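The sequence and the structure come next.

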Amino acid sequence: MNLFPLLLFAFIAVPVVEIYLFIEVGGAIGTWPTVGLVVLTAVIGATLLRMQGLYTLNRVQTAMARGELPTLIMLEGVVLLLCGALLLTPGFFTDALGFLGLIPPLRQAMIAKLFLRGLQAGPHGAGYASSGDEQGPRTIEGEYRREDE
């Protein structure tokens with residue numbers, strides 16, 4: 001899939017939408033309240049992002065302490081990073097997208113839709129590849145050696 005047309009459209013459409021919203025909101029409430037609102041959303045977004053990021057980091061550490069691979073939690077961290085970039089970009093449209101990503105159920109649904117297309121839940125959670133014909137997890141044979149301290 002060629003991503004260039006989609007990126008080109010995004011780089012043209014998002015600034016046009018942002019400029020339109022700035023003009024409309026500025027016309028309705030005035031210039032300085034609009035600037036204040038943009039700064040306020042950035043501050044609120046950064047605060048919420050910090051809280052969500054620390055919570056996600058704590059979940060990663062807890063999962064690793066249990067010996068689990070925190071793949072889904074780390075994907076949430078990637079989405080939070082992208083939402084942080086959107087929240088720090090001045091504008092109402094990007095702020096709205098960034099705030100939507102801070103809502104955990106929406107964020108998890110977004111991850112399931114975008115990143116986990118070919119994965120299905122197995123006995124230990126999501127992460128087993130599915131070719132369509134197989135049922136359950138695949139067995140991968142190998143040897144390992146445990147080195148205790």
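This is a predicted model: local features need pLDDT of at least 70, side-chain atom pairs count only at pLDDT 80 or more; totals for chains, interfaces and linings use all residues.

L116 touches L72, L75 and I111, when residues up to four places away in sequence are not counted. V79 lies in helix α3 and has a relative accessibility of 4%; the cut-off for buried is under 20%, so V79 counts as buried. Apart from neighbours within four places in sequence, V79 is in contact with R107, M110, I111 and F115. The C-alpha atoms of V79 and Q108 are 9.3 Å apart, although 29 residues separate the two along the chain.

## Overall layout

The protein chain contains five helices and two strands, arranged along the sequence as α-α-α-α-α-β-β. It has 149 residues, of which 19% count as buried. Among contacts between residues at least 6 apart in sequence, 52% join residues at least 24 apart.

## Helix α3 against α5

Which residues of α3 and α5 meet? On the α3 side they are L72, L75, E76, V79 and L80, and on the α5 side R107, Q108, M110 and I111. By class, the residues of this contact divide into six nonpolar, one polar and two charged.

The axes of α3 and α5 come within 10 Å and cross at roughly 105°. The angle falls between 65 and 115 degrees, so α3 is roughly perpendicular to α5.

## Helix α2 against α3

The axes of α2 and α3 also come within 10 Å, with a crossing angle of roughly 165°. An angle over 145 degrees makes α2 roughly antiparallel to α3. The crossing of this pair is left-handed.

From α2, the residues A42, G45, L49, Q52, G53, T56, R59, V60 and A63 take part; they meet I73, M74, E76, G77, L80, G84 and L87 of α3. Eight of the residues in this contact are nonpolar, six are polar and two are charged.

## Helix α2 against α4

Helix α2 spans residues 31-65 and helix α4 spans residues 92-101; their axes come within 11 Å and cross at roughly 20°. An angle under 35 degrees counts as roughly parallel, and α2 and α4 are therefore roughly parallel to each other. Their crossing is left-handed.

The contact is formed by T34, L37, V38, T41, I44, G45 and L48 of α2 together with F92, D95 and F99 of α4. By class it has six nonpolar, three polar and one charged residues.

## Burial of helix α4

Which residues of α4 are buried? They are F92, T94, D95, G98 and G101.

Technical notes: Residues are numbered from 1 along each chain as its sequence is written. Side-chain values use heavy atoms; hydrogens and water are left out. Axes are lines fitted to C-alpha atoms, for helices over the stretch in contact, and angles run from 0 to 180 degrees between N-to-C directions. Helices (H or I, at least four residues) and strands (E, at least two) are DSSP runs, numbered from the N terminus. A crossing is left-handed if the near helix is turned anticlockwise from the far one by less than a right angle, and right-handed if clockwise. Contact means heavy atoms within 4.5 Å. Ala, Val, Leu, Ile, Met, Phe, Trp, Tyr, Cys and Pro count as nonpolar, Asp, Glu, Lys and Arg as charged, and the others, Gly among them, as polar. Buried means under 20% relative accessible area, exposed over 50%, partly exposed in between (1.4 Å probe, protein chains only).
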